[in-house]
Structure formats: C-alpha cells, structure tokens
Amino acid sequence: MTTAYNYDAILLASFGGPEGQVDVIPFLRNVTAGHGIPEERLEEVATHYRAHGGISPINQQNRDLLAELEKELAERQIDLPIYWGNRNWDPYFPATFQKMYEDGHRKILVLVTSAYIGYSSNDQYLEDFDKALAETGLEGKLEVVKVREFFHDKAFTAPNAEFLAAGIKDVRAQLESANGASHKPNGRIKIHWVTHSIPTATAEKQGPARIKELFGTDVYTAQHQAIADHLMSTVPEAEGLDHQVVFQSRSGDPRTPWLEPDINDQIEEDAENGVDAVVVMPFGFVSDHMEVIWDLDTEAEETAGEKGLAFHRAPTTGIHPGFISGLVDIMGEYITRDGQPLASGEQTVPGDWSDLTGEGGWGTRVETQQG
Ligand SMILES: CC1=C(CCC(=O)O)c2cc3nc(cc4[nH]c(cc5[nH]c(cc1n2)c(C)c5CCC(=O)O)c(CCC(=O)O)c4C)C(CCC(=O)O)=C3C
Ligand SMILES: [Fe+2]
C-alpha cells in the first residue's frame, strides 16, 4: 500500500546570495529592483561582499540546512523530497517550480527562512511565488502553501535561550579575566537583541491594531519584543540584566526614517552610560549570513572595541538540532499522512499571534516596501 500524503514535496525558500565577485552587482540589482535604493548604498554594500571574495555564506548555509532537514525527515520516515529555491539568486523560484512540476509534484509546502511576519519575510515571498507561477504558466497547476511564522515556537526560542546563556557566561569571563582589556569583574552587562531595520512607514502601516495596542509599538517590533522579553525572563543567567531591541542594516534613502536605534549608536550611548559588556543576539535571522558577519562581526564589534566594551556575538539558529527538529514539527502541522497531521510545533512565547497574517494583518499583499 502506498502512503498518502497531502503534499508531494517541500521547498526550502530563501533570499539567495552571490557566489563570486562577478555575481555581486547583478545580485544587488535583483535585491533592490524597483525599491529606490540609492546607487551609493549599493556600492557600499558591494564592498561587504567583495571583502569576502564576492561570496555570501547564505547559500552554503541553506545547503547545510536542507541536508539536515533531509536527514530529519528520513529519520522520521517522512517520505517527501525537499528542494531549494531563492528570491534573488540561482536557483530562482521559477526554475525550481518548473523542476518540481516536471518531477511530478502538484502540491508543495514552502518553508521560508524567516522566523517573523513582515513585508520582506512574508508578503514579498508570497508575491514572488505568484510571479513565479505566472512566469512558468503553472498557475492553477502547482499549488503552493507557505508554512507559518515560527519566532514564537520552541524551534526558535530554545536554541536562542542556549545562545543567550552562553553569551552571558562568555562576557562575564571576559570581564573577570585578569589580562582582559577591561578587567571589571562586576561590570554591567547589556543584551542587544538585534534585527533588520525596515522603513518606519512600512512598519507602522502593517499588522493588526490589536497587537500594536498591546505592545505600544509597531507589529514588526512587537514580535521581536515579545521573544526578547520571554527569553530575558526565562533564561536564569539573564536575570536582572539590561536589554533592548536594536536594529541593523539600515538601507534606503538617508532622508527616509527607518526603525532605530542602530546597534552602533546604541553601543556608543551604552558605553557613556556605564555599560561594560554587550551580548549581541542576532535573533532577526536564522543563519550567519552577510548581514550578520558584516554588520555585527565587523562593524558592531569594532564599535564596542573602540569604546572598550567586552563583546559577544551569539550565533543564529543555523543547523542547531533543536531548530531542525522543531522546523520539522511545524511542517508536520501541515503534512498529513493518511489524513493524520504528522506533528505540531510548540508555542513558547506567550500571546495570541493568530491574526498576524490575514485580514488587516500581513499576507494582505502590501504593494511596495517603500510605500
Ligand atoms: C526584514 C529584512 C530581512 C529579515 C527577514 C528575512 O530574512 O527575510 C532581510 C534579510 C536579508 N537581507 C539580505 C541582503 C540585503 N538586503 C537588502 C535590502 C533590504 N533588506 C530589507 C529588509 C530585510 N532583509 C529591506 C527593507 C531592504 C531595502 C531594500 C528592499 O526594499 O528590498 C540588500 C540591498 C542592499 C542594502 O540596501 O542593504 C541586501 C544585499 C540578506 C542576505 C544576506 C547575504 O547575502 O548573506 C538577508 C537574509
Ligand atoms: Fe535585507
């Protein structure tokens, strides 16, 4: 007897990145097409990629993620193939959809490498899928369903809790170390929860009013604030420490307001206010890609160094075993075998997030990022 699944295949959908110097400018043009990003900003960002041989780590990280998901699916005897496609670089979505269709698949479940709901992390992917289906003539032939957000699940919070505890221990050791640059055994430690900045106008336009009122901030920031607060109150090592949600990788026209504070500005202000060490938690991302290794490991670390602060940049969830098994649990909410859902995720961040997408929330296809 053959096992009946409700899906034929899984697609790991991500951002994509250049794989050599010649790819850098074409990649940046893909990312910013129609978004009005000034040429100077592109040239500046190109230098980050150039300094790393024109290669973003993101593609290899996605290959590794795919391999680990494949292993986990096999171990759980979930017999579905998994493909990989990107928004901005090869393998692109249209070619991937085409291949999946040619391989006989008709209904696919898409796992996007973004934990939150926002324009770049949700709606833009939905738009990409629609465009790819239109371009390949597969509209109505290939059914595409995107997996929900997972920032509030154990899959994401458990690895980050571990990273937070380890980061605090590390800066404590740095402060205690007799030959450390700043020997301050009782030094003040602050946690910087860092995510990608977006234009303030975009942030304010989107998401359910209910969540805005509850958190007193935009819904993009609220999602981050909720998990930061949850981890600060549940990780014993973090008890009593200062913490703040901060932003990185501001882009766009310098005259357009984006979410603040920028992590570098905040580190400088913290130094003036007597903070001795920062633990940087890049919880806006799921892999150590270029925006993490440049904006944090190069820029933020340098800022902290100039101000004499101890510094620890925590890893991202990457291929942490808890992340892999948690993601398969969440996909198991969608996948049924002989009518039975295979698994389910576990919500750890309290609160009702059920209306993040849908009417009045995201998923309503806001037209442009810049508004
Ligand atoms: C919210 C958000 C996420 C997190 C959610 C998610 O992961 O989806 C994210 C992830 C990423 N962003 C990335 C790279 C870039 N983002 C850019 C530009 C922009 N990002 C934006 C937002 C976000 N971006 C926005 C509002 C812009 C302005 C232009 C536009 O409206 O589109 C630019 C153009 C140059 C520049 O202006 O910086 C680049 C090169 C990479 C890949 C890194 C690598 O190569 O390893 C990743 C994972
Ligand atoms: Fe970005």
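Student: How do helix 4 and helix 5 pack, at what angle and how far apart are their axes?

Tutor: In this predicted model, helix 4 (residues 93–102) packs against helix 5 at an angle of about 60 degrees, and their axes are 9 Å apart. That angle makes helix 4 oblique to helix 5, since roughly perpendicular would start at 65 degrees.

Student: Which hand does the crossing have, left or right?

Tutor: Helix 4 passes helix 5 in a right-handed crossing.

Student: And which residues make the contact?

Tutor: From helix 4, Phe 93, Pro 94, Phe 97 and Gln 98. Helix 5 contributes Asp 128, Phe 129, Ala 132, Leu 133, Glu 135 and Thr 136.

Student: OK, domains. How is the chain divided?

Tutor: Into domain 1, with bounds 9–151 + 320–341, and domain 2, covering 154–313. Taken over C-alpha atoms, the centres of the two domains are separated by 26 Å.

Student: How many residues does each domain put into the contact?

Tutor: Domain 1 puts in 26 residues and domain 2 puts in 21 residues.

Student: On the domain 1 side, which elements give two or more residues?

Tutor: Helix 2, helix 3 (58–75) and helix 12 (321–334) do. Helix 12 gives the most to that side, with 6 residues.

Student: What is the split into nonpolar, polar and charged there?

Tutor: The side of domain 1 that touches domain 2 has 14 nonpolar, 10 polar and 2 charged residues.

Student: Switching to the ligand. Which residues come nearest to ligand 1?

Tutor: Of the 25 residues around ligand 1, the nearest are Gly 17, Ser 56, Ser 251, His 289 and Met 290. Two or more residues of the shell come from each of helix 1 (24–32), helix 2 (39–50), helix 5 (119–136) and helix 11 (290–306).

Student: Which element has the largest share of the shell?

Tutor: Helix 1, with 3 residues.

Student: And how does the shell divide by residue type?

Tutor: Around ligand 1 there are 15 polar residues, 8 nonpolar and 2 charged.

How values were computed. Residues numbered from 1 in each chain as written. Chains lettered and ligands numbered in written order. Predicted model: local features only at pLDDT ≥ 70, side-chain atom pairs only at ≥ 80, totals over all residues. Near = placed C-beta within 6 Å. Helix = DSSP H or I, 4+ residues; strand = E, 2+ residues; numbered from the N terminus. Nonpolar A, V, L, I, M, F, W, Y, C, P; charged D, E, K, R; others polar. Axes fitted to C-alpha atoms, helices over the stretch in contact; angles between N-to-C directions. Parallel < 35°, antiparallel > 145°, perpendicular 65-115°, else oblique. Left-handed = near helix turned anticlockwise from the far one by under 90°. Contact = placed C-beta atoms within 7 Å. Domains from an automatic or database assignment.
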